Amino acid sequence: MRTAICPTQLHFRRLVRHLLGLTSGDRLLRFGRVLTDIDIVAYAERLFTTAAKVFVVVERDQDISGVLTLDLTSSGPTLGLSVSSWARNLGVGTALLQRAGVLARAHGVQTLFVPNLGFNSALQRLALSLGMNVMCASGVISAIDAVPPAGGQQEVQRIGFAGSVTLADEALRPDAENANADTPADAAMTPVAILS
Ligand SMILES: CC(C)(COP(=O)(O)OP(=O)(O)OC[C@H]1O[C@@H](n2cnc3c(N)ncnc32)[C@H](O)[C@@H]1OP(=O)(O)O)[C@@H](O)C(=O)NCCC(=O)NCCS
């Protein structure tokens with residue numbers, strides 16, 4: 001069974017290797033843009049100096065197969081998740097997303113923002129299978145959007161997190177300039193569509 005642990009400086013090189021191994025497409029999904037290798041190293045260095053929650057899955061040979069980052073300090077909590085291509089479809093992503101959900105609940109956070117979620121059908125499926133809600137701007141086409149939500153919106157009750165945690169597309173993040181400073185991100189967000 002794979003478990004997620006908090007990395008130490010000893011994991012730095014392998015963590016960087018994991019992130020550098022992500023393709024351009026993976027980087028776009030994980031970071032919201034295609035970070036250069038130099039950006040990625042700087043990003044990894046920052047992970048050890050910021051308050052972001054970081055979890056990694058370390059394999060028997062000490063390679064890191066998956067990395068979860070949860071920035072709970074920004075205006076809206078941001079989720080970053082990646083699994084090395086050689087370790088996909090083995091449950092690593094599910095384990096890390098589950099950890100993210102538990103952490104979110106422990107911090108009283110209901111909504112985690114994800115870049116380009118509308119284009120990430122794999123992550124949408126993963127979230128729904130764990131009982132999380134998935135919220136994307138309407139009109140975005142994804143594999144699991146094949147059955148259009150009735151009336152533009154549809155809420156799904158599932159086992160696991162039972163809808164207590166929502167993954168929302170970064171595009172739905174409340175406008176920092178217009179948002180009421182007293183209004184938590186969760187309350188300020190207007191749901192557009194919940195996919196099933
Ligand atoms: C999205 C991503 C994190 C998924 O990671 P993963 O480790 O492959 O996910 P899992 O293995 O837990 O689940 C993937 C599939 O494998 C299946 N699976 C899970 N455990 C399994 C197992 N032990 N054996 C076989 N299949 C399994 C899951 O049911 C799921 O099936 P589905 O595609 O029908 O939904 C990964 O593809 C990735 O890193 N993508 C690039 C970056 C990205 O998109 N990040 C998310 C945005 S922040």
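**From the ligand shell into the sheet**

Reply: Let's start with strand β4, which gives five residues to the shell around the ligand, the largest share. Keep in mind that this is a predicted model. β4 covers residues 78-83, and α2 (24-31), α4 and α5 (121-129) are also among the elements that each supply at least two shell residues. In total, 21 residues surround the ligand, and the closest are Leu29, Arg88, Gly91, Gly93 and Thr94. Sort the shell by type and you get ten nonpolar, seven polar and four charged residues.

One spot to look for is Leu70, whose bridge partner in β4 is Leu79.

β3 itself spans residues 64-71, and it is largely enclosed by the rest of the structure, because seven of its eight residues are buried. β3 also pairs with strand β2 (residues 53-58), again in the antiparallel sense and over six bridges. Here, Val57 has Gly66 in β3 as its bridge partner. β2 and β3 make a hairpin with five residues between them, and in that turn Gln62 has a positive phi of about 80 degrees.

Next, see what Leu96 does. Leaving out residues up to four places away in sequence, Leu96 touches Ala4, Phe55, Val57, Gly66, Leu68 and Leu81.

As a general point, nonpolar side chains tend to be buried together in soluble globular proteins.

For contrast, take Arg13, which sits in helix α1 (residues 12-20). Arg13 counts as exposed because it has 11 C-beta neighbours inside 10 Å, and the cut-off for exposed is 12 or fewer. Arg13 and Ile64 are 51 residues apart along the chain, yet their C-alpha atoms are separated by 9.7 Å.

Finally, zoom out. The protein chain has six helices and seven strands, and from the N terminus on they run β-α-α-α-β-β-β-α-β-α-β-β-α. Of its 196 residues, 33% are buried. Among contacts between residues at least 6 apart in sequence, 70% join residues at least 24 apart.

Methods:
Residues are numbered from 1 along each chain as its sequence is written. Two residues are in contact if their C-beta atoms, placed from the backbone, lie within 7 Å. Helices (H or I, at least four residues) and strands (E, at least two) are DSSP runs, numbered from the N terminus. A residue is buried if 20 or more other C-beta atoms lie within 10 Å of its own, exposed if 12 or fewer, and partly exposed in between; C-beta atoms are placed from the backbone. A residue is near a molecule or strand if its C-beta atom, placed from the backbone, lies within 6 Å of it. Ala, Val, Leu, Ile, Met, Phe, Trp, Tyr, Cys and Pro count as nonpolar, Asp, Glu, Lys and Arg as charged, and the others, Gly among them, as polar. Two strands pair if DSSP finds at least two bridges between them.
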